[in-house]
Amino acid sequence: MLVLACLGAGANVDARALDADIATIRLPVATLERVHVRLDWPAGATEGTLTLHAGRVHAPDLALDARNLAWTCPLRRAPSHGWTCDGTLRSGRNTFALGIAFDDAGTSAQLRQGRAVFALQRGAATPDFTRIDLTRVPIAWAQSLLAKSWADARLQGGTLDGRIDVAAPERGPLRITGRLDAAGVKLETTDATIAADHLAGTFDFDYRISDAPKPSLLTLDGTLRGGEFLAGSTYVALPATPVALSIAGEQREGAGWTLPRIAWKDGTALDVEGSAAFADDATLRVLDVRVHSGDLAPVRDRYLSGLLGTAGLGDLTLAGALDARVRVADGVLQAFDVTPHSVDIVDEAGQRFAFDGLDGDMKFSRTGAVTSTFSWAEGGLYGLAFGPARLHLRSENGAIALTSPVLVPFLGGTLRFDDMTLRPPADGHGAEAVFGLSVEGLDIGTLAAAFGAPAFRGELTGRLPRARYAQERLDFEGGLSLDAFDGRVEVSSLSMERPFGVAPTLAADLRIEDLDLLALTEVFDFGSITGRLDGRIDALRLVDWSVTAFDARLQTDPSHDVRQRISQRAVQSISSVGDNSFVTTLQGQLIGLFNDFGYKRIGIGCRLENEVCDMTGLRSAGDGQHDTHRNQRSERGWIWASDEHAGPPPRWRRPSRSARSARASRSTSTSPRPRPRKRRRNSSRK
């Protein structure tokens, strides 16, 4: 380049060879460092051979920052006191064709590789103006230009076509304007929080870079056509149809970007307008946007799949229309106003919940009080339908609360929510909710069928004084008291993890008092038992609504003035599971003479762990006699009558979930059922 500069000044070249080593060469087009140049020009020849080696070539206007370059080209004279040199440029393993020409009118350069062409024009009359034309240029060539506004971004794939004008006046901002067509763009930030792939679109831009204290300004208007990108946990899959994008931004030295105008229009699916501001570390500081969706159906797949997938709701379906406004200040949510228009939300795959006909509005305020009314037409919870409800809400100081109780028709009865307060995520904490719950007149049969249990009869009534949801965990404080089967069930230590997420888990302790045994046993096909049942079920644990552990002890209560009878069928069913051949043989001969029998006590103990149940029977009566004389278990493993002194208790391995489901489907059948295998410890009978 030094040789070209000398030739351009009109130097006569008679020498056959010229060598030079230069530390730095600064030219209008680029800066070269650690340069060695050699010119071989035979005497009388019309051209010479120029060879140039540079440790580094830095050309911001060309978006070029390369190391260890070697360029060889034939140097020729051109009209208008000009020179041209077009040859091979090598950088590492990459090979390019580089041609440079200059004369009295100006300077031009062209960099080529395959079908990619990067052409530069600079006029002598306007030395501060450079025009760049791009044809199928790999987007990675623009890394240096991108670094001016986004230092953490790394371009990894894609091509650019278009024109860029660079104005670099001695006084005033550096201005970069133009139009670009992008295809197959792939990029990623150094911390991998932002990534994009297969992006395509057309963009008009105007970027002005000013020295402090003046801000740098950016305007961008374009159309996106397909591709995908990830920002944090937000994943966006763009449609093939055009999506309009418009941004106006400014940035001051030492501060983040402020975007006074943001506009995004994706047909009827999503229309966003507003403003935003970011800190110098790119964290959101201020946001004020209005959102409208005339058709929510495509919104999940295009914009919400990442967020919903993280919450275990990837199969959620949406329908209807929505308007919303969201305001954030100092990185904290200040207010929102969401207005659904006949919105349906359904968890299609998991069938965990559904809301149909959402209407009204829901408002949130971190400061002054605002009121709103929210309603739905119908819905479902784990396949159980519930009816319409209307919520009257008041929000202030960062919480949303009910102003009156909410009654929801459910299972032929009513759910009543009292004193509900919701706090959206803030200050590094997730969403929190507190509420009281009462149930009245719920049909036990429908509820049992939903969980794969037999069709019990009766109603469920009870009250839960306080429940709290936080960090994907629902804790019921104060316990739940239920009236069921003409008795009472006290539930304590009740909690749920991920109630609407993947593999929900429930834990509880139960105390049972005076349950009607006939109401419990009549739904099974092994016979009936009358009397009252007491007991406990400690450390009950369900994972994905399947029982995985408990420690239970159940026994009849003879203190009530209730006949204690067991049917012939029940005795046969219980006896048929055991292996006491003597007792079983006697029963087989005599049992046919009676329809039912009186009993003194029946009891069972079961500790389920790792799908193995350690069974126990009744305690000794204290008089040397035993309350029962059979060590048996029903097929479902829920009742046990045994002689405590008949040796160590047996162990029952819990059937698989598919086997339990198949057995439940046969619960109303009169055909004989297969008996489960039973595992016993070695013991001797007395």
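Cys73 and Cys85 are both buried, where buried means under 20% relative accessible area, exposed means over 50% and partly exposed lies in between, computed with a 1.4 Å probe on protein chains only. The model is a predicted one, in which local features need pLDDT of at least 70 and side-chain atom pairs count only at pLDDT 80 or more, while totals for chains, interfaces and linings use all residues. Residues are numbered from 1 along each chain as its sequence is written, and side-chain values use heavy atoms, with hydrogens and water left out.

These two cysteines, Cys73 and Cys85, are joined by a disulfide with an S to S distance of 1.6 Å, a disulfide being counted here when a pair of cysteine sulfur atoms lies within 2.5 Å. In general, a disulfide is a covalent bond between the sulfur atoms of two cysteines. Cys73 lies in strand β4 (residues 64–78) and Cys85 in strand β5 (residues 82–91), so the pair ties together parts that are 12 residues apart in sequence. Strands are DSSP runs of E with at least two residues, helices are runs of H or I with at least four, and both are numbered from the N terminus. Because the torsion about the S-S bond of Cys73 and Cys85 is about 90 degrees, this disulfide is right-handed.

How many disulfides does the rule give? The count comes to two, and the other one is formed by Cys606 and Cys613, whose sulfur atoms are 1.5 Å apart. Cys606 counts as buried because its relative accessibility is 5%, and Cys613 is buried as well, with a relative accessible area of 0%. When the bonded cysteines are counted along the protein chain, the disulfides follow the pattern 1-2, 3-4.

We can now turn to the strands around β32. Strand β32 (residues 459–470) pairs with strand β31 (residues 432–443) in the antiparallel sense over nine bridges, and two strands are said to pair if DSSP finds at least two bridges between them. Within this pairing, Phe435 stands opposite Ala467 in β32.

Strand β32 also pairs in the antiparallel sense with strand β33 (residues 473–477), here over five bridges, and the bridge partner of Arg466 in β33 is Glu477. The hairpin of β32 and β33 has two residues between the strands, and in this hairpin Gln471 takes a positive phi near 55 degrees. Strand β34 (residues 480–484) is joined to β32 by three bridges, and these strands run antiparallel; Arg463 stands opposite Ser481 in β34.
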